[in-house]
Amino acid sequence: LTADQIHEIAVQSAKLATYQEEVENQSLDCLPKVTLKDVPLHARDFALIDRGTALHHACFTNQILYTDLIFELPDLKTEELPLLSLFAKLLPELGCGGRTYAETLAYQQSYIGGFDASLAQHVTHANPDVSKPTFSLRGKVLYRNGEKLFRLFSDFVTSLDLTDQERIQEWLSQHATEQQERLTKASMNYAIQTSLSGFSIPSFVYDQWHGIPYYQSVLKWAKNCDCKFIDSLKEMAAKVLGLQNYHLILTCDEDQYVQIEKQRFYDLKLPNK
């Protein structure tokens with residue numbers, strides 16, 4: 001450094017020290033204050049509007065489009081419940097639309113803000129033994145990339161790659177290890193689920209989805225990921241994703257919904273109602 005550069009650094013350091021001292025000693029009265037009086041007494045209600053072809057939560061989302069595709073589950077046998085739970089966890093880990101798993105992951109990382117699959121029961125308030133189980137695909141994306149998200153929905157529903165046995169076996173092995181680690185860390189939770197499973201039908205179903213029955217099934221499948229198991233996954237996919245009783249839910253502002261509807265939801269390919 002030249003003498004002038006050294007002098008400039010010294011001047012900047014002195015200014016920084018002065019600024020830091022001023023900030024440290026300034027009055028805290030400059031900070032905004034929020035009290036309970038500033039909190040609304042009632043939560044805002046974003047009504048779910050039935051628009052015919054879809055359901056709509058009309059609200060400001062800062063240019064983010066939230067989309068839920070919900071399938072009402074068919075009647076399943078008890079022994080199929082753990083497989084359904086596995087299918088929900090496995091689906092986002094596979095390829096679709098003619099893409100491999102790695103290519104699908106790269107597609108999501110390029111355009112999609114989040115994507116997953118899940119199960120829910122929707123227990124009624126009137127009767128705790130009555131529920132409406134559903135399988136959901138959920139995603140969020142910047143509004144300008146909405147077409148990319150709807151294309152991903154279509155690909156997962158119509159062309160899920162369940163032929164990649166190597167990928168399924170790899171994921172199953174990892175998942176089995178995760179389940180074994182979880183069993184030791186959350187043994188009390190497993191015990192509670194098991195004890196509650198006899199009190200109501202939803203509790204029994206939840207135990208089949210997430211409890212010891214699911215854990216035992218995962219270990220069995222990880223050891224025997226054969227063609228018979230792959231066929232059972234294909235059958236489950238057809239039972240869940242091939243149904244006509246689905247609901248499309250969009251969360252965005254009114255203008256964005258109108259534009260998406262004009263685009264016919266980007267030709268979302270689903271079973272015909």
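**Entry 1**

I began with Glu-80, which counts as buried because its relative accessibility is 15%; I take buried as under 20% relative accessible area, exposed as over 50%, and partly exposed as in between, with a 1.4 Å probe and protein chains only. The model is predicted, so I required pLDDT of at least 70 for local features and pLDDT 80 or more for side-chain atom pairs, while totals for chains, interfaces and linings use all residues. Residues are numbered from 1 along each chain as its sequence is written, and side-chain values use heavy atoms, with hydrogens and water left out.

I then looked up the salt bridges, defined as a side-chain nitrogen of Lys or Arg within 4 Å of a carboxyl oxygen of Asp or Glu. The structure holds nine salt bridges. In one of them, the side chain of Glu-80 meets that of Lys-239, at 2.4 Å from N to O. Lys-239 lies in helix 9 (residues 227–241) and Glu-80 in the loop between strand 3 and helix 2 (81–90), so this pair ties together parts 159 residues apart in sequence. For helices (H or I, at least four residues) and strands (E, at least two) I used DSSP runs, numbered from the N terminus. Lys-239 counts as partly exposed at 33% relative accessibility.

**Entry 2. Arg-167 and Glu-93**

I found a salt bridge between Arg-167 and Glu-93, with the closest N and O atoms 3.2 Å apart. Since Arg-167 lies in helix 5 and Glu-93 in the loop between helix 2 and helix 3 (101–111), the pair ties together parts 74 residues apart in sequence. Arg-167 counts as buried at 9% relative accessibility, whereas Glu-93 counts as partly exposed at 26%.

**Entry 3. Helix 11**

I noted a salt bridge between the side chains of Asp-267 and Arg-264, at 3.1 Å from N to O. Both residues lie in helix 11, three residues apart, about one turn of the helix. Helix 11 covers residues 264–267. Phi of Arg-264 is near 55 degrees, a positive value in a residue other than glycine. Asp-267 is partly exposed, with a relative accessible area of 42%, and Arg-264 is exposed, with 60%. I also recorded that salt bridges with shared partners join Glu-93, Arg-167 and Glu-170 into one network.

**Entry 4. Asn-62**

I looked up Asn-62, a residue other than glycine whose phi is positive, near 55 degrees. Asn-62 sits in the loop between strand 2 (55–58) and strand 3 (64–72). At 54% relative accessibility, Asn-62 counts as exposed.

**Entry 5. Helix packing**

Two packed helices are described by the angle and the distance between their axes. I used axes fitted as lines to C-alpha atoms, for helices over the stretch in contact, with angles from 0 to 180 degrees between N-to-C directions. The axes of helix 7 (residues 201–210) and helix 8 (residues 212–223) come within 4 Å and cross at roughly 25 degrees. Helix 7 is therefore roughly parallel to helix 8; angles under 35 degrees count as roughly parallel, over 145 as roughly antiparallel, 65 to 115 as roughly perpendicular and the rest as oblique.

For helix 5 (residues 165–185) and helix 8, I noted axes that come within 9 Å and cross at roughly 140 degrees. These two helices, helix 5 and helix 8, are therefore oblique to each other.
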